[in-house]
Amino acid sequence: MINGILNIKKEPGFTSHDVVAKLRGIVKQKKIGHTGTLDPDATGVLPVCLGRATRLCDVIGGWNKTYEAVLLLGKCTDTEDISGKTINESPVEITEEEIRDIILSFIGTYNQIPPMYSAKKVGGKKLYEMAREGIVIERKPCPVRIISITIHEITLPEIRFSVTCSKGTYIRSLCRDIGEKAGCGGCMKSLIRTEVAGFSLSDALTLSEVEHFRDEGRLMEIIHPIDSVFMDYPAITLFGTAEKLLHNGNPIRLDTIKKAVIPENARIIRVYDSGSHFIGLYQVEKEEGRIRPYKLFFDIT
């Protein structure tokens, strides 16, 4: 079984589920999962986890993400993007300076109403399923965080910008909210996810490119190891008695760790065995005099 992460460049027309299904056929492996849904029309970075790395799906899915979007002012649709049914059109009577100030005003935390055409569940049913049945319900605003916005180009009625945001942020809804604040409405014309969890668009591969690597017998060259997303955490290697406890998934007392030095302020650490296999993340509990499992992968061959 392959254990690791593929940095996939999702192409338009595919759902995230489609990507996983196609990869199962390409790599001949069932245990695969993606790290966060992209709309069918959206493109860009979609980390896909294989084997033991599927335990990363919820972790990476909760991290911040960066997108490049094009906002079209003066047009509102039922899906909040250009592919939806037009429900209103208005003249765009705003200056570049005014729209720039409005866009940048969204930096920080704000309460965002999710779109009806989304996978968010209400009462156990996905919103898009209700929307397809012609049902529109009131949605509760959810707090989201816009970490940064960079405006690349303003050619009214269109604005191209990049945004880094928290989990649960809908860029379609951000475009809608910017349009509402501008007084003319707006929708998302295009969306590219450019970065997530250290995986960037410049290094992403299409499904056909992955297939090409497989056909050449070079698939493992493009598989990122599980621990690659945790390089910001300090690492230790354990030996002897501590290593035996490690392989059993037990907490380990600090006084049994002879050769490893844990940085003073470390709270989460990467732990390896004597064979340099990544075991997982451990939480440092200095008051209790131990480290204990936080997220285990047991990447042992």
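In the predicted model, the chain contains 7 helices and 18 strands. Its C-alpha trace spans about 75 × 50 × 40 Å along the principal axes, and 47% of the 301 residues count as buried. The accessible surface of the chain amounts to about 15100 Å², with 49% of this area belonging to carbon and sulfur atoms. Where contacts link residues at least 6 apart in sequence, 66% of them join residues that are at least 24 apart.

The largest nonpolar core comprises 29 residues, among which Ile99, Ile159, Phe161, Val163 and Ile171 touch the most other members. Two or more residues of this core are supplied by each of the helices α3 (96–104) and α5 (171–182), and likewise by each of the strands β4 (65–73), β10 (142–155), β11 (158–165) and β12 (186–196). The surroundings of Phe161 can be described in detail: when its neighbours within four places in sequence are left aside, Phe161 is in contact with Tyr67, Glu68, Ala69 and Leu71, with Ile149, Thr150, Ile151 and His152, and with Leu174 and Cys175.

An open sheet is formed by 5 strands, which follow the order β14-β16-β17-β18-β15 with mixed pairing.

For Cys49, the nearest cysteine sulfur is that of Cys57, at 4.1 Å; because a disulfide requires sulfur atoms within 2.5 Å, Cys49 is in no disulfide. Cys49 has a relative accessible area of 0% and is therefore buried. Cys142 is likewise in no disulfide, the nearest cysteine sulfur, that of Cys165, being 14 Å away. With a relative accessibility of 22%, Cys142 counts as partly exposed, since the buried class is limited to values under 20% and the exposed class to values over 50%.

Definitions and conventions:
Residues are numbered from 1 along each chain as its sequence is written. This is a predicted model: local features need pLDDT of at least 70, side-chain atom pairs count only at pLDDT 80 or more; totals for chains, interfaces and linings use all residues. Side-chain values use heavy atoms; hydrogens and water are left out. A nonpolar core is a set of buried Ala, Val, Leu, Ile, Met, Phe, Trp, Tyr and Cys residues joined through side-chain atoms within 4.5 Å. Buried means under 20% relative accessible area, exposed over 50%, partly exposed in between (1.4 Å probe, protein chains only). Helices (H or I, at least four residues) and strands (E, at least two) are DSSP runs, numbered from the N terminus. Contact means heavy atoms within 4.5 Å. Two strands pair if DSSP finds at least two bridges between them. Accessible areas come from the Shrake-Rupley method with a 1.4 Å probe; for residues, only the protein chains shown count as cover.
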